[in-house]
Amino acid sequence: MAEKSTYYITTPIYYPSANLHVGHTYCTVMADAMARFKRLRGYDVMFLTGTDEHGQKIQQIAEEVGDTPKEYVDRVVADIKELWSVMEISYDDFIRTTEDRHKRRVQEIFRKIYEAGDIYRGVYEGWYCTPCESFWTDTQLRNAKCPDCGREVVRAKEDAYFFKLSAYADRLLALYEEHPEFLEPETRRNEMTRFIKQGLEDLCISRSSFDWGIEVPIEEGQVIYVWLDALSNYITALGWPTVDGTPGEHDKYDKYWPADVHLVGKEIVRFHSIIWPAMLMSLGYPLPKKVLGHGWLLLDGGKLSKSKLAEAGQDKARRNIVDPVELIERYGVDALKYFLLREYTFGQDGQFTTETMLQRVNSDLANDLGNLLSRTTGMNDKYFGGVIERPVALFADGPITSAETAVDVAVDARDGELIALALGAAAKVERHMDSFEFNRALETIWELISRSNKYIDETEPWTLAKTDGDRERLGQVLYNLAESLRIVSVLIQPYLHWSSEKIREQLGLDSGAVVWGDAQVFGLEAAYRTAKGENLFPRIDIEKEFASIAEG
Ligand code: ME8
């Protein structure tokens with residue numbers, strides 16, 4: 001049997017300096033949707049996430065609260081794992097940079113780059129932004145502040161090791177030129193090209209002024225720069241480079257590397273598209289196929305962050321909830337996931353407000369999807385006791401698999417239109433997912449949902465139910481609606497796992513047996529046994545909700 005194609009996707013590894021806010025969940029929700037989508041499409045997927053636990057910032061925060069750095073990160077990492085579990089994030093591995101499997105391999109990476117002649121000892125003198133863990137030269141500073149985050153920088157001078165990053169400028173430019181798909185969107189690629197052309201400096205890759213890090217293997221008293229440590233996670237988690245020689249140690253590396261995509265926020269594209277490929281070039285390892293930079297969730301026009309919230313003081317009457325745990329407790333996991341995937345355009349920044357989220361939930365989930373399900377199952381229960389057979393008239397030759405056939409065999413033009421739309425949706429979703437257009441993939445699915453609701457309004461099952469002679473037609477209409485919902489349950493599975501299961505339960509289908517190809521067949525079920533269940537997305541009274549948020 002042919003081996004399955006593999007797909008390796010990563011998120012950034014988050015700093016456990018504080019609990020994550022909704023902005024952090026954005027990237028992980030997209031990565032999870034893509035991982036689930038690829039699994040459903042038959043790929044052998046490796047989805048990696050984790051935490052970036054070393055560095056001066058973490059050490060400082062831990063000291064402030066009287067913990068050791070390890071005690072501190074253990075607590076935050078437990079919360080992060082709990083959050084991913086509540087959000088049903090389907091990662092295959094979670095790497096912590098404090099794990100032995102990672103630390104030993106990072107030291108090996110340092111040693112190999114040193115042996116390749118790309119690391120030398122020197123004196124570091126420049127500016128350091130502790131929150132960003134970034135070094136800057138005089139010319140790179142903006143108004144004497146960190147050009148990334150705008151915060152204070154400190155003067156740093158110490159003996160350190162350097163990586164000959166400058167030697168890789170031409171090869172990096174050639175990489176972008178020959179493989180433009182390596183770095184997207186294009187705006188980020190142009191930005192990085194300009195950055196390199198301004199002149200790349202060698203990179204300071206060790207520090208001696210604090211000790212919360214992985215020790216430099218060739219000299220005591222120095223720890224490895226946190227970005228070199230962090231970027232390496234994408235291969236150390238796969239067991240590479242080898243350090244134990246245990247059988248199977250690098251099986252995952254052989255199978256999954258190079259990564260198909262590193263999904264990262266726009267401010268860390270620089271590390272992933274300059275430092276990381278240069279490290280890999282020095283090591284002689286293959287480069288990832290793609291680095292994809294996404295935009296930020298903004299609050300009042302600025303990047304959503306914990307400190308921003310504190311500054312803003314927030315309008316009490318319309319407080320924005322940015323804690324994902326609170327959002328989920330109030331509105332459910334799928335409401336949050338749907339909003340993040342549907343509202344924002346990949347690569348662009350977008351405003352975050354709780355109000356916009358609630359409006360989306362009401363219109364798309366409560367009104368469109370929730371109503372379609374409750375109307376369909378409700379009418380099925382009422383008119384047929386929940387049991388409905390596949391109508392022979394429409395499916396005399398068995399299930400329909402093409403839009404053309406649907407239009408040809410349909411007894412009613414509206415049936416043909418609905419079935420054709422349902423059958424065409426999967427291919428459209430695939431195309432949008434190929435270009436990470438999560439919003440457009442969902443839009444496509446919602447076109448089918450809206451068309452189905454419109455089909456109910458057009459066919460008026462309640463009128464058909466009044467006449468005995470229309471009973472057969474009533475059965476056809478309700479069967480088509482159930483089929484349409486079944487297809488929706490397959491299509492939404494990667495994004496709204498929970499809703500997909502609930503819909504399938506109410507339709508009487510096996511929730512564990514979702515197969516992508518089933519979304520390209522209409523008339524698949526010989527019969528339905530539906531049962532109207534809980535309302536998936538009760539409508540939220542937004543004014544009342546804000547009153548309750550203000551109290552809470
Ligand atoms: O950068 N909107 O970690 P981090 C969208 N440890 N994304 C946001 C966001 C927002 N408002 N706020 C943060 C690090 N993010 C490093 C990564 S990878 C080898 C090391 C995103 O916890 C941000 O863009 O500061 C970044 O991609 C991710 O959260 C992790 O940020």
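**Ground rules.** I take a polar contact to be a pair of N or O atoms within 3.5 Å; within protein, one must be able to donate a hydrogen and the other to accept it, and residues adjacent in sequence count only if both atoms are side-chain atoms. This is a predicted model, so I noted that local features need pLDDT of at least 70, that side-chain atom pairs count only at pLDDT 80 or more, and that totals for chains, interfaces and linings use all residues. Residues are numbered from 1 along each chain as its sequence is written, and side-chain values use heavy atoms, with hydrogens and water left out.

A backbone N or O atom of Leu297 sits 2.8 Å from a ligand nitrogen atom. For Asp52, an N or O atom of the side chain is 2.7 Å from a nitrogen atom of the ligand. I then looked up the cover: the protein hides 95% of the 670 Å² of accessible area that the ligand has on its own. Accessible areas come from the Shrake-Rupley method with a 1.4 Å probe, and for residues only the protein chains shown count as cover. I also listed the surroundings, where near means that a heavy atom of the residue lies within 4 Å of the molecule or strand. There are 23 residues around the ligand, and the closest are Ile13, Asp52, Gly265, Glu267 and Leu297.

**Entry 2, the parallel sheet.** Helices (H or I, at least four residues) and strands (E, at least two) are DSSP runs, numbered from the N terminus. Two strands pair if DSSP finds at least two bridges between them. Six strands make an open sheet with parallel pairing, in the order S3-S2-S1-S11-S12-S7. S3 and strand S7 (183–184) are the edges, each with a single partner strand, so one side of each has no neighbour in the sheet. I checked S1 (residues 6–14) against S2 (residues 44–51) and found seven bridges in the parallel sense. Tyr7 faces Val45 of S2 there.

Buried means under 20% relative accessible area, exposed over 50%, and partly exposed in between (1.4 Å probe, protein chains only). Arg96 is buried because its relative accessibility is 14%. Contact means heavy atoms within 4.5 Å; leaving aside neighbours within four places in sequence, Arg96 has contacts that include Thr51, Glu53, Asp74 and His102.

Ten bridges link S4 and S6, with Gly122 opposite Ala160. S4 and S5 share three bridges, and Tyr128 has Phe135 as its bridge partner in S5. Four residues lie between the strands of the S4 and S5 hairpin, where Glu133 has a positive phi near 50°.

Trp127 is in strand S4 (residues 119–129). Trp127 counts as partly exposed because its relative accessibility is 22%. Its side chain makes a polar contact of 2.6 Å with the side chain of Asp138.

A nonpolar core is a set of buried Ala, Val, Leu, Ile, Met, Phe, Trp, Tyr and Cys residues joined through side-chain atoms within 4.5 Å. The largest one has 115 residues, and Phe352, Phe438, Ile445, Trp446 and Tyr495 touch the most other members. A second, separate core of 65 residues includes Leu48, Ala156, Ile268 and Val269. Helix H13 (residues 333–343) has ten of its eleven residues buried, so the rest of the structure largely encloses it.

Which peptide bonds did I note as cis? One is Glu184 to Pro185, with omega near -5°, and another is Trp240 to Pro241, also with omega near -5°. Pro185 is in the loop between S7 and helix H6 (186–197). Phe436 has a positive phi near 55° without being a glycine, and counts as buried at 6% relative accessibility.
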